[in-house]
Amino acid sequence: MTRLSRGEVKALGDAIDRDPALREAWAARAVAAGAEVGEDMPGKRIVRLALARADEAQVRTNPIARDEAFTCTHCRRDVPVGGRRPRDHCPWCLHSVHVDVVPGDRAAGCGGLLVPVAVVTVDGRFDLVYRCARCGAERRNRVLDDLAVPDDAGAVRRVAAG
Ligand SMILES: [Zn+2]
Ligand SMILES: [Zn+2]
């Protein structure tokens, strides 16, 4: 199922309660899904309403290999496609953007900056751990060290060192 965890719904709800523009965007999604949104409805309830119908309609759990060039939101450099693997974060500053619920689906509706906060080892490979600066969600992206434009090793070390 395409789902946010309870903690993610709460974090996103809190962000909606603080950010009128984000509230408006999610209220529009909830209304599009057939819900009625009240003026003083808590943000997390709006998220649940918006996702309830989407969960029924699009049951997607597999990552989508979406490999697109982009301009980094954080350092403004132009990032080329990955090639062998989808390039889902900037190779130089390592930042990303919270756009996916599962990789490639562009269903998150947040758009916050994903800030790299740690590096962890998973089955012998390295993952960057991200925290969304807008909604607080935690995400992971694989360190891409085997592409034509690989992740900057020094930048990865600096994140790992905290
Ligand atoms: Zn960057
Ligand atoms: Zn977010």
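Colleague: Which residue in β4 is the bridge partner of V97?

Modeller: In this predicted model, V97 has L113 of β4 as its bridge partner. Next to that pair, S96 is bridged to L114, which also belongs to β4.

Colleague: And how many bridges join β3 to β4?

Modeller: There are 2 bridges between strand β3, residues 96–97, and strand β4, residues 113–122, and the two strands run antiparallel.

Colleague: What does β4 do with β5, then, and how many bridges join them?

Modeller: β4 is joined to β5, which covers residues 125–132, by 8 bridges, again with the strands running antiparallel. Among the pairs you can look up are A118 with V129 of β5 and V122 with R125 of β5.

Colleague: How many residues lie between the strands in that hairpin?

Modeller: The hairpin of β4 and β5 has 2 residues between its strands, and D123 there takes a positive phi near 50 degrees.

Colleague: Stepping back, how many helices and strands does the protein have?

Modeller: It has 4 helices and 6 strands. Read from the N terminus, the elements run α-α-α-β-β-β-β-β-β-α.

Colleague: Which domains does the assignment give?

Modeller: The domain assignment gives domain 1 at residues 6–57 and domain 2 at residues 70–160. The centres of domain 1 and domain 2, taken over C-alpha atoms, are separated by 26 Å, and the contact between them takes 7 residues from domain 1 and 6 residues from domain 2.

Colleague: Which helices supply the side of domain 1 that touches domain 2?

Modeller: α1 and α2, the latter at residues 20–32, each supply at least two residues of that side. It is α1 that gives the most, with 4 residues. The residues on that side of domain 1 divide into 5 nonpolar, no polar and 2 charged.

Colleague: Staying with α1, what span should its 13 residues have?

Modeller: At 1.5 Å a residue, helix α1, residues 6–18, should span 18 Å, and its end C-alpha atoms lie 19 Å apart, which agrees.

Colleague: Which residues of α1 are buried?

Modeller: The buried residues of α1 are E8, A11, L12, G13, A15 and I16. Over the protein, buried residues make up 28% of the 162 residues.

Colleague: What about the overall dimensions, and what box do the C-alpha atoms fill?

Modeller: Taken along the principal axes, the C-alpha atoms fill a box of roughly 50 × 30 × 30 Å. A compact globule with 162 residues would have a radius of gyration near 15 Å, and the protein has 17 Å, which agrees.

Colleague: Last one: what share of the contacts with a separation of 6 or more comes from residues 24 or more positions apart?

Modeller: Residues 24 or more positions apart account for 44% of those contacts in the protein.

Terms used: Residues numbered from 1 in each chain as written. Chains lettered and ligands numbered in written order. Predicted model: local features only at pLDDT ≥ 70, side-chain atom pairs only at ≥ 80, totals over all residues. Pairing = 2+ DSSP bridges. Rg over C-alpha atoms; globule rule 2.2 N^0.38 Å. Buried ≥ 20, exposed ≤ 12 C-beta atoms within 10 Å, placed from the backbone. Contact = placed C-beta atoms within 7 Å. Expected span 1.5 Å × (residues − 1). Domains from an automatic or database assignment. Nonpolar A, V, L, I, M, F, W, Y, C, P; charged D, E, K, R; others polar.
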